[in-house]
Amino acid sequence: MPSRDPSDPREWLRRARSNLARALMPPSSIDVLYDDLCFDAQQAAEKALKALLVWKQIDFPKTHSIGELLDLVRDTGVVPPVEITEAQGLTRHAVTGRYPRFSEDVSPEEWRQAAELAERVVRWAESVISGGVAPGK
């Protein structure tokens, strides 16, 4: 059984992969909203970045802001490539997709873009963590 230890970056990556798996699944029914899949995409990216911060032994605030998390990652000396920084746009899905609102639903194309961005962030975080040496180790 996995550790479930919040100080273990592997647990954060496990959670990120779970959100990513859901975000990548095409809706299996008309009752599944693209908004909810985009929320999972945002959560996947958020948890992957938090995995990097845990790995670097950096405390982080309770935030859903991908931009804020990317800034914290940069502060550790890990420089995200441009295609990763584009994931800042996922932040809007952290809250708006979870509740009814006065705007249009997320389109299938927006969902595909969000899922692709999240996948890039998760894969990048995994590669940084697997290819580096954690502080103090």
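Predicted model: local features only at pLDDT ≥ 70, side-chain atom pairs only at ≥ 80, totals over all residues.
**Entry 1. Helix 1 against helix 2**

On the helix 1 side I listed Pro9, Trp12, Leu13, Arg15, Ala16, Asn19, Leu20, Arg22 and Ala23. Their partners in helix 2 are Leu37, Asp40, Ala41, Gln43, Ala44, Lys47, Ala48, Lys50, Ala51, Val54 and Trp55. I sorted the residues of this contact by type and found 13 nonpolar, two polar and five charged.

I then examined the geometry of the pair. The axes of helix 1 and helix 2 come within 8 Å and cross at roughly 165°. Angles over 145 degrees count as roughly antiparallel, and helix 1 and helix 2 are therefore roughly antiparallel to each other. I noted the crossing of helix 1 with helix 2 as left-handed.

**Entry 2. Helix 1 by itself**

I checked the length of helix 1, which covers residues 9–24. Its 16 residues should span 22 Å at 1.5 Å a residue, and the end C-alpha atoms are 22 Å apart, so the two values agree.

Which residues of helix 1 are buried? I recorded Pro9, Glu11, Trp12, Leu13, Ala16, Asn19, Leu20 and Ala23. Their cover includes helix 2 (34–55) and helix 5 (108–131).

**Entry 3. Helix 1 against helix 5**

I turned next to the contact of helix 1 with helix 5. From helix 1, Pro9, Leu13, Ala16, Arg17, Leu20, Ala23 and Leu24 take part. From helix 5, I listed Trp111, Ala115, Ala118, Glu119, Val122, Arg123, Ala125, Glu126 and Ile129. The residues of this contact divide into 12 nonpolar, no polar and four charged.

The axes of helix 1 and helix 5 lie 10 Å apart, and the packing angle is about 160°. The crossing of helix 1 and helix 5 is left-handed.

I compared the length of helix 2 with expectation. Helix 2 has 22 residues and reaches 32 Å from its first C-alpha to its last, close to the 32 Å expected at 1.5 Å a residue. Helix 2 is mostly covered, with 20 of its 22 residues buried.

How do helix 2 and helix 5 run, parallel or antiparallel? I found that their axes come within 9 Å and cross at roughly 15°. That angle makes helix 2 roughly parallel to helix 5. Helix 2 passes helix 5 in a left-handed crossing.

The contact of helix 2 with helix 5 holds 22 nonpolar residues, no polar ones and one charged residue.

**Entry 4. Trp12 and Val54**

I followed two residues, Trp12 in helix 1 and Val54 in helix 2. In sequence they are 42 residues apart, yet their C-alpha atoms are 8.4 Å apart in space. For Trp12 and Asp31, 19 residues apart along the chain, I noted a C-alpha separation of 29 Å.

What does Trp12 contact, leaving aside neighbours within four places in sequence? I recorded Pro6, Lys47, Lys50, Ala51, Val54 and Phe60. On the same terms, Val54 is in contact with Pro6, Ser7, Asp8, Pro9, Trp12 and Phe60. Val54 has 13% relative accessibility and therefore counts as buried, the cut-off being under 20%.

**Entry 5. His93**

I located His93 in the loop between helix 4 (82–85) and helix 5. Is His93 buried or exposed? At 4% relative accessibility, His93 counts as buried. Not counting residues up to four places away in sequence, His93 touches Cys38, Phe39, Gln42, Val106 and Ala114.

**Entry 6. Gln57**

I ended with the residues that follow helix 2. Gln57 is found in the loop between helix 2 and helix 3 (66–75). Just after helix 2, Gln57 takes a positive phi of about 60°. Most residues other than glycine have a negative phi. I therefore checked the exposure of Gln57 as well: at 53% relative accessibility, Gln57 counts as exposed.

Key
Residues numbered from 1 in each chain as written. Heavy atoms only, no water. Helix = DSSP H or I, 4+ residues; strand = E, 2+ residues; numbered from the N terminus. Expected span 1.5 Å × (residues − 1). Buried < 20%, exposed > 50% of the residue type's maximum accessible area, 1.4 Å probe, protein only. Contact = heavy atoms within 4.5 Å. Axes fitted to C-alpha atoms, helices over the stretch in contact; angles between N-to-C directions. Left-handed = near helix turned anticlockwise from the far one by under 90°. Nonpolar A, V, L, I, M, F, W, Y, C, P; charged D, E, K, R; others polar. Parallel < 35°, antiparallel > 145°, perpendicular 65-115°, else oblique.
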